[in-house]
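Thanks, everyone. Please have the sequence and the structure open while I talk.

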Amino acid sequence: MKMIVLIMVGAVMMSMGPGWQTNFVKAKAEASKEHKYLLLNFSGSDWCLPCIRTRKEIFDNKSFEAFADANLVLVNADFPRLKKNKLSEAQTKENEELAEKYNKKGAFPLTILFDADGKMVKEWDGFPGEDANKFIEQIKSLEHR
């Protein structure tokens, strides 16, 4: 039974592509250590159409993946609805705690960018409305502030 749960959790996370983490605390420490931005994404991977569109058009884009690999630590807080995609109780609890702190309105998708010190510097509520390259440029422009 545990193996089935691990496979299902892996399948959901694989849908976000390589490099995405699920542990915010570890990711925050990594971002600080590596002097990178942390990008936290709240998604409904199996029900939220703007979330799926954001993943496909921005996060799965090769340009974004290359930029993220060099500049970002990525965290996905997923809230799937389908039973087959159910996360572990521990992961569900962690995602709910993140939502209580950073997504009180329950927006999906909600993408938040933190600097290496953990300060929130940008928030995208809903689909960013940009292609991957413009999304990257938005992040790059923050480096000069």
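β4 and β5 are antiparallel partners, joined over five bridges. Within that pairing, Leu113 stands opposite Lys122 of β5. Helix α6, residues 132-142, packs on the sheet and touches β2, β3, β4 and β5. The direction of α6 makes about 160° with that of β5. Keep in mind that this is a predicted model.

Now the whole sheet. In what order do its strands come? The order is β1-β3-β2-β4-β5, in an open sheet of five strands with mixed pairing.

Next, helix α2, which covers residues 24-34. α2 lies across β1, β2, β3 and β4, and runs at about 155° to β2. Which residues of α2 are buried? They are Phe24, Ala27 and Ala31. Why do these count as one side of α2? Because they cover an arc of only 65° around the axis, they sit on the same side of the helix. What covers these buried residues includes the strands β1, β2, β3 and β4, and also helix α5, residues 89-102. On the face of α2 turned away from the buried side, you find the exposed residues Val25, Lys26 and Lys33.

Just after α2 comes His35, which takes a positive phi of about 55°.

The other helix is α4, residues 62-71. Its buried residues are Phe64, Phe67 and Ala68. The arc they cover around the axis is only 100°, which puts them on the same side of α4. What do they pack against? Their contacts are with β1, β2, α3, β3 and α6. The opposite face, turned away from the buried side, carries Lys62, Ala66, Asp69 and Ala70, which are exposed.

α4 has an N-terminal cap as well: a side-chain oxygen of Asn61 lies 2.7 Å from the backbone nitrogen of Ser63.

To go back over the helices: the buried residues of α2 are Phe24, Ala27 and Ala31, and those of α4 are Phe64, Phe67 and Ala68.

Methods. Residues are numbered from 1 along each chain as its sequence is written. This is a predicted model: local features need pLDDT of at least 70, side-chain atom pairs count only at pLDDT 80 or more; totals for chains, interfaces and linings use all residues. Side-chain values use heavy atoms; hydrogens and water are left out. Buried means under 20% relative accessible area, exposed over 50%, partly exposed in between (1.4 Å probe, protein chains only). Helices (H or I, at least four residues) and strands (E, at least two) are DSSP runs, numbered from the N terminus. The arc is that of the directions from the helix axis to the C-beta atoms. Contact means heavy atoms within 4.5 Å. Two strands pair if DSSP finds at least two bridges between them. Axes are lines fitted to C-alpha atoms, for helices over the stretch in contact, and angles run from 0 to 180 degrees between N-to-C directions. A polar contact is a pair of N or O atoms within 3.5 Å; within protein, one must be able to donate a hydrogen and the other to accept it, and residues adjacent in sequence count only if both atoms are side-chain atoms.
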